[in-house]
Amino acid sequence: GINVSFCLDRVYGTGHYSGLAFMMFVNGIDVVDGGVVSWVKNLSSNSKERTVVSGMGTQLLAGLALTQN
């Protein structure tokens, strides 16, 4: 199953995420993170622009998959 929780007093990602931020964990290890960024809005000069980016540690995820076997 999937567990979802919110940490409204987060400190993580405050330097590069301007709003909502998220992390995904596998076996207690964070392998994905993402959030809302403002730099696309600033580049496009469109104040309505909203962008959510994310990244996955594929090497870490592959390592976790190998240790499960």
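Colleague: In which element of the protein is confidence lowest, and in which is it highest?

Modeller: pLDDT is the predictor's confidence in each residue, from 0 to 100. Confidence is lowest in helix α2 (residues 58–68), with a mean of 79, and highest in strand β3 (residues 51–56), at 90. Helices (H or I, at least four residues) and strands (E, at least two) are DSSP runs, numbered from the N terminus. The protein averages a pLDDT of 81, and 91% of the residues score at least 70. This is a predicted model, in which local features need pLDDT of at least 70 and side-chain atom pairs count only at pLDDT 80 or more, while totals for chains, interfaces and linings use all residues. Residues are numbered from 1 along each chain as its sequence is written, and side-chain values use heavy atoms, leaving out hydrogens and water.

Colleague: Is F6 buried or exposed?

Modeller: Buried means under 20% relative accessible area, exposed over 50%, and partly exposed in between (1.4 Å probe, protein chains only). F6 counts as exposed because its relative accessibility is 68%. F6 is found in the segment before β1 (21–26).

Colleague: How far apart are F6 and V53 in sequence and in space?

Modeller: F6 and V53 are separated by 47 residues in sequence and by 18 Å in space, C-alpha to C-alpha.

Colleague: What is the phi of S45, and where does S45 lie?

Modeller: Most residues other than glycine have a negative phi. S45 is not a glycine, yet its phi is positive, at about 60°. S45 lies in the loop between α1 (39–44) and β3, and at 70% relative accessibility S45 counts as exposed.
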